[in-house]
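Take a walk through this structure with the text beside you. Keep the sequence and the fold in view as you read.

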Amino acid sequence: RIEVARNGQGQFYNIKSLGNSRYQIYLDEETVGTIQLDENDHARCESKGCELDMPLLNSIRDAIHAYEKRN
């Protein structure tokens, strides 16, 4: 579970690892998309079926990287 700012408010998303640097993104138990991180270029990611805008995806990507770095 991560928190990112959306429209000036904190919003919680649940993240589930799918393996191979792919993550499912949930909001209130509903899937809102999948993100694929590029292991070689941490500033790059791809999304599939996402209902989220790019700034929000970038915040989620950064939060995933920060979490992985700690663990």
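Aspartate 28 is found in the loop between strand 3 and strand 4 (30-37). Strands here (E, at least two residues) and helices (H or I, at least four) are DSSP runs, numbered from the N terminus. Aspartate 28 has a positive phi of about 55°, although it is not a glycine. Its relative accessible area is 68%, so aspartate 28 is exposed. Exposed means over 50% relative accessible area, buried means under 20%, and partly exposed lies in between, with a 1.4 Å probe and protein chains only.

A word on the source. This is a predicted model, in which local features need pLDDT of at least 70 and side-chain atom pairs count only at pLDDT 80 or more, while totals for chains, interfaces and linings use all residues. Residues are numbered from 1 along each chain as its sequence is written, and side-chain values use heavy atoms, with hydrogens and water left out.

Now step back to the whole chain. The protein has five strands and one helix. From the N terminus on, the order is β-β-β-β-β-α. Of the 71 residues in the protein, 32% are buried. The protein exposes about 5000 Å², and carbon and sulfur atoms supply 41% of that area. Accessible areas come from the Shrake-Rupley method with a 1.4 Å probe; for residues, only the protein chains shown count as cover. Contacts are the next point. Among those in the protein with a separation of 6 or more, 21% are between residues 24 or more positions apart. A contact means heavy atoms within 4.5 Å.

Strand 1 (residues 2-6) runs antiparallel to strand 2, and five bridges join them. Two strands pair if DSSP finds at least two bridges between them. Isoleucine 2 has tyrosine 13 of strand 2 as its bridge partner. Arginine 6 is bridged to glutamine 9, also in strand 2. The hairpin of strand 1 and strand 2 has two residues between the strands, and asparagine 7 takes a positive phi near 55° there.

Next comes the step from strand 2 to strand 3 (residues 22-27). These two run antiparallel and are joined by five bridges. Asparagine 14 has its bridge partner in strand 3, tyrosine 26. Glycine 19 is bridged to arginine 22 of strand 3. This hairpin, too, has two residues between the strands, and asparagine 20 takes a positive phi near 55°.

Strand 3 leads on to strand 4. Six bridges join this antiparallel pair. Leucine 27 has glutamate 30 of strand 4 as its bridge partner. Two residues lie between the strands in this hairpin, where aspartate 28 takes its positive phi.

Last, look at the largest pocket. It holds about 180 Å³ of space. On a 1 Å grid over the protein atoms alone, a pocket is an open set of points where a 1.4 Å probe fits, with protein on both sides within 12 Å along at least five of seven lines; lining residues have an atom within 4 Å of a point. Grid points are joined across faces, edges and corners, and the volume is the space filled by probe spheres set on the points. Which elements each supply at least two residues of the lining? They are strand 2 (9-19) and helix 1 (54-70). Helix 1 gives the largest share, five residues. The lining includes Arg1, Ile2, Lys16, Tyr23, Tyr67 and Glu68.
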